[in-house]
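Here are my notes for your first look at this protein. Please keep the structure open and find each element as you read.

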Amino acid sequence: MKIHKNIRFGWIALAIVAITPMSCKKQLDSEYRSNLGPEYFLTADGLQAGLNASYATTRYFWGSEGFTSSQVAGTDEVIRGGDGGLDFHNYTNITPQNGTIQGVWDNSFVPINNLNGVLEFGPQANVDAAKKNQLLGEAKFLRGFYYFLLVQTFGDVPLKLSYNNKPSTEDLRAPKKEVYNAIIKDLTEAASQLGNIQAGQSKGRASKAAALHLLAKVYLTKGWDPAARDGDGSSDFTKAYDTAIGLINAKGTYGVDLESNFADIFKEGNEYGKESLFVADRNTDPTYSESGYNNTTAPAGGNKENRLNCYWVSFYTLTRNVNEGIPGAPAVTTQMVARDQVNGRPYRRFRPTPYTYATFGNRDNDARYDGTFQKAWIMNLPSTQDNNIQTTTPAFTTTRNGIAVVPVKGVDTAIYMPGREVSVAERQKFKGVIVAPSQYDTEWFPTMTKHMDKTKLHYNDASDRPIILMRLGETYLIAAEAAFKLNRTGEAATMINALRTRAGFRATNTATQNSAAVAANQASAADVSLNFLLEERTRELFGEMNRWFDLTRTQTLIARAKLYNEMAAPNIKDFHVLRPIPSASQLDLLTNRDQFPQNPGY
């Protein structure tokens with residue numbers, strides 16, 4: 001249910017030079033306004049426009065190639081596939097001139113200033129009191145959201161809590177502790193002001209549940225950081241646990257719950273499902289979309305395009321010997337599947353590391369591997385080129401044991417990646433080619449399916465799917481990590497087992513089989529360790545753009561990248577736990593440069 005279809009997005013510049021209101025009309029409002037002062041925020045349109053622009057900025061991050069790479073590459077989970085930039089994979093070109101890093105800085109401070117205007121002038125606006133309270137709560141949520149992104153990325157950052165419409169060439173970095181305190185104040189107030197999620201409501205807007213989830217994660221992250229936490233962090237971990245468990249225990253009141261089937265969380269059309277707390281909405285109207293489509297004249301949105309449906313896709317259209325691994329069989333090197341809507345455009349930017357495959361080791365009892373990766377590519381040849389398929393390609397045949405083998409289009413599997421090693425006998429019985437883990441390389445690996453989009457209009461299109469940024473499954477993991485840090489490992493195991501119970505369910509299994517899988521999945525207090533929790537986050541959250549922050553939060557990035565990522569290991573240094581302050585849009589513009597230090601190592 002893509003109820004985000006008619007959302008329109010405006011943009012407000014840092015100096016409020018242009019404002020484009022958002023509306024739910026079929027026409028795009030495009031009136032240009034210049035030299036508008038704070039009085040615009042005293043109107044209902046001004047408050048709404050400031051919020052709409054601030055929500056829309058999430059598209060510069062989630063869905064873009066640069067930001068996605070900065071969040072997943074160079075970690076224990078992900079290594080580069082056959083294409084794409086190397087910067088974040090091998091830590092060789094992460095500099096103050098890096099465009100992705102500058103984008104995080106610039107595209108966070110612009111909405112923060114918009115939100116400052118909403119929060120500074122909004123209380124005096126002539127708007128219905130209940131509506132105003134909701135809008136101001138959303139603004140506090142978003143300001144906390146963007147500042148949390150900044151403080152995790154850069155450490156000490158300028159703390160701007162009042163509206164600015166005058167340029168300045170001086171700036172100062174505020175200590176992390178002050179920034180965290182401001183974030184916590186915003187999110188605490190947001191949680192008290194925002195309403196519960198209602199049926200049919202877009203989760204592209206903030207709710208009480210989203211604010212509580214984010215607040216719990218902020219407390220958790222603050223507790224780990226000696227420069228930000230209170231004392232030894234115990235009070236922060238306690239607040240993280242209490243906030244998370246409060247959301248979990250009252251999930252029905254807040255209008256959320258865990259999906260019973262892990263595979264349903266990212267099922268296309270279920271982006272607003274009961275487990276989702278907050279999403280980055282997309283505009284699916286081809287006329288006004290922020291993405292360019294192959295069969296329309298809509299302009300490309302550049303960094304606002306959502307290409308998550310492409311980044312994790314293997315090069316399944318390459319030719320390969322269908323009889324590979326079968327001694328005595330003739331070599332038949334051919335294309336086995338044509339690029340199509342279902343299997344996606346193979347950008348191959350990211351592929352799992354051996355650590356990731358090993359972490360999904362309990363696949364008989366834990367359905368999360370099957371809910372995360374594609375194992376089978378169905379025969380789609382012979383094909384005729386159209387919007388759904390790239391090429392006109394004939395079917396292939398081969399011979400095994402003197403018998404002709406002809407896979408049936410739409411029925412037989414042409415490529416199979418079972419995630420385990422296979423015997424020669426199994427290969428002989430199979431009509432297509434089996435690619436076992438020992439055969440994975442930069443081009444051939446299981447596609448990660450969480451962000452695939454089968455309903456786009458052309459096989460090469462960007463995705464119009466909303467992107468889930470927060471979900472209740474992670475709330476359980478936040479509670480578990482906080483409990484672990486408080487030496488309450490039994491409570492941590494209880495939180496983990498809620499997810500492992502869900503992971504034991506398969507719709508194709510009998511009730512008896514599911515019960516046995518659930519029992520085999522359960523963890524004990526003795527199992528709980530930091531490595532255990534990080535592995536559980538891999539099984540639950542792989543590909544959801546959390547990992548770099550997970551590892552920097554838990555102070556494990558350097559060790560785990562060196563241990564599990566062969567591209568990152570030679571170059572990663574201790575200072576890589578923070579990103580550099582951008583030069584072009586910040587440091588080079590300052591007249592008090594000596595009072596605004598760069599992060600160490602850069």
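1. Start with an annotated region. The end C-alpha atoms of residues 91-220 lie 27 Å apart. In UniProt, an unreviewed entry gives residues 91-220 the annotation "domain: SusD-like N-terminal". Bear in mind that the model is predicted.

2. A second annotated region follows. The unreviewed UniProt entry lists residues 340-602 as "domain: RagB/SusD". Here the chain is 30% helix and 9% strand. The end C-alpha atoms of residues 340-602 are 44 Å apart.

3. Now turn to helix packing. Two packed helices are described by the angle between their axes and the distance between the axes. Take helix H4 (residues 99-121) and helix H5 (residues 129-154). Their axes come within 9 Å and cross at roughly 155°. Angles over 145 degrees count as roughly antiparallel, so H4 is roughly antiparallel to H5. The crossing is left-handed.

4. Which residues of H4 and H5 make the contact? From H4 come Ile101, Val104, Trp105, Asn107, Ser108, Phe109, Pro111, Ile112, Leu115, Asn116, Val118 and Leu119. From H5 come Leu136, Ala139, Lys140, Leu142, Arg143, Tyr146, Tyr147, Leu149, Leu150, Thr153 and Phe154. By class, the contact of H4 with H5 has 17 nonpolar, 4 polar and 2 charged residues.

5. H5 also packs with helix H1 (residues 44-56). The angle is about 30°, and the axes are 10 Å apart. Angles under 35 degrees count as roughly parallel, so H1 and H5 are roughly parallel to each other. H1 passes H5 in a left-handed crossing. On the H1 side, the contact involves Leu47, Gln48, Leu51, Ser54 and Tyr55. They meet Lys131, Leu135, Glu138, Ala139, Leu142 and Tyr146 of H5. The residues of this contact divide into 7 nonpolar, 2 polar and 2 charged.

6. Next, look at helix H7 (residues 208-224) and helix H13 (residues 472-485). How are they arranged? Their axes are 10 Å apart, at an angle of about 30°. H7 and H13 are therefore roughly parallel to each other. H7 passes H13 in a left-handed crossing. H7 brings His213, Ala216, Lys217, Leu220 and Trp224 to the contact. H13 brings Glu474, Thr475, Ile478, Glu481, Ala482 and Lys485. The contact of H7 with H13 has 5 nonpolar, 2 polar and 4 charged residues.

7. Charged pairs come next. Side chains of opposite charge can pair when their charged atoms come close. How many salt bridges does a search of the whole structure find? The search finds 39.

8. Two backbone details deserve a check. A cis peptide bond joins Leu381 and Pro382, with omega about 0°. Pro382 lies in the loop between strand S6 (376-378) and strand S7 (398-400). The other detail is Tyr91, with phi near 55°. That is a positive value in a residue other than glycine. Tyr91 sits in the loop between helix H3 (87-90) and H4.

Conventions. Residues numbered from 1 in each chain as written. Predicted model: local features only at pLDDT ≥ 70, side-chain atom pairs only at ≥ 80, totals over all residues. Heavy atoms only, no water. UniProt positions renumbered as here; feature names shortened; annotations may be inferred. Helix = DSSP H or I, 4+ residues; strand = E, 2+ residues; numbered from the N terminus. Axes fitted to C-alpha atoms, helices over the stretch in contact; angles between N-to-C directions. Parallel < 35°, antiparallel > 145°, perpendicular 65-115°, else oblique. Left-handed = near helix turned anticlockwise from the far one by under 90°. Contact = heavy atoms within 4.5 Å. Nonpolar A, V, L, I, M, F, W, Y, C, P; charged D, E, K, R; others polar. Salt bridge = Lys/Arg side-chain N within 4 Å of Asp/Glu carboxyl O.
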